[in-house]
Amino acid sequence: MSTTPVEPAEAARQAAFDATIAHHDRIEPRDWMPDGYRKTLIRQIAQHAHSEIIGMQPEGNWIGRAPSLRRKAILLAKVQDEAGHGLYLYSACETLGIARSELVDMLLSGRQKYSSIFNYPTLSYADVGTIGWLVDGAAICNQVPLCRTSYGPYGRAMIRICKEESFHQRQGYELLRTMMDGTDAQRAMVQESVDRFWWPSLMMFGPPDAESPNTEQSMAWGVKRNSNDELRQKFVDMTVPQAQALGVTLPDPALRWNAERDHHDFGEPDWSELTAVIRGNGPCNTERMAHRRAAHEDGAWVREAATAFAARSAAKAGAR
Ligand code: BYC
């Protein structure tokens, strides 16, 4: 049996990459990296960026109907933060040698995904609080370890994102706290919202480890620092005492403390629902994508003006 000889230079580059990963050091854009590593990062960072941008829609739906000036200011700031997160992440992704326009094309043509959670509707103002508490809470669990991801630009973007996510989680909790201290009708609104968002929040962490095709390799490369199930468990353990403090019931009869495991046991999410939502058949997939495509078309003049301005500036600089 003959094997293809590995060029010494290629072997040395691979060894340098492996050593960086083994020492938990950062890979930087200038460094050599295997094709698979680059592709995995582009896939994950782009999906993350798309999620931030599509994630502006469910809450954006309530900006014009916020119940007070204070609530409106908080919500506006939060939704603007999500746009900023998308931009940092698209920039981090571009350092891997792909243009933002290509990433946007892949989202709009359905070749790249965004988080399942944003395909659920926001039916009441309590959903703004629940998204902050549960969805941003899940995002923090997932994203704090990504500050230590092996790719430098992604990890650095995550540090700032996590600081802002932590404000988002607190504003959500504070809104729900205020509603829980209010009337019976407000408490019922919160409970109804938590009932709808609990299981989709657990699904944000992705399929169970045994059915996650990417986790093993992504962890070996230090792109992911924890598996989907580890982070889901951490989220449940973190959230149960907060639910008790709020006075809401999490809609899972199997949820209980397991002293032997030192963790909460919890029920199995309906994985067929996650598959359906990822495939485009969630309650709001069509609406979310239609809205994004329309926004992209509406913004064409801005891109044209920016391109013309850049060309004119370059021509002026060339003439000098
Ligand atoms: N939704 O092998 P797996 C936010 C896909 S933004 C949709 O486990 P991986 C926020 C997965 O991509 C939240 N698709 O994959 C914003 C893969 O398909 P492909 C976004 C999902 O990558 C605004 C396939 O299923 N956060 O918090 O190892 C307002 C198999 O999965 C989902 C991030 O993007 C899902 N839930 O692990 C408020 C964090 N789960 O790509 C809040 C960064 C799985 O092979 N991303 N899929 O075609 C990650 O940590 C990982 O990519 C995931 C998935 C844990 C999400």
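The model is predicted; local features need pLDDT of at least 70, side-chain atom pairs count only at pLDDT 80 or more, and totals for chains, interfaces and linings use all residues. Residues are numbered from 1 along each chain as its sequence is written, and side-chain values use heavy atoms, without hydrogens or water.

One cavity of 30 Å³ or more is present. A cavity is a set of points, on a 1 Å grid over the protein atoms alone, where a 1.4 Å probe fits but cannot get out. Points are joined across faces, edges and corners, and the volume is the space filled by probe spheres set on them. The largest cavity holds about 30 Å³. Its lining (residues with an atom within 4 Å of a point) consists of Arg71, Ile74, Leu75, Tyr125, Val128, Gln171 and Leu175. Two elements, α4 (69-94) and α7 (152-180), each give two or more residues to this lining. Helices are DSSP runs (H or I, at least four residues), numbered from the N terminus. α4 gives the most, with three residues.

The axes of α4 and α7 come within 10 Å and cross at roughly 160°. Axes are lines fitted to C-alpha atoms over the stretch in contact, and angles run from 0 to 180 degrees between N-to-C directions. α4 and α7 are therefore roughly antiparallel to each other (angles over 145 degrees). Their crossing is left-handed, meaning that the near helix is turned anticlockwise from the far one by less than a right angle.

Terms used. 1 Å grid on protein atoms, 1.4 Å probe; cavity = no way out; pocket = protein on both sides within 12 Å on 5 of 7 lines; lining within 4 Å. Parallel < 35°, antiparallel > 145°, perpendicular 65-115°, else oblique.
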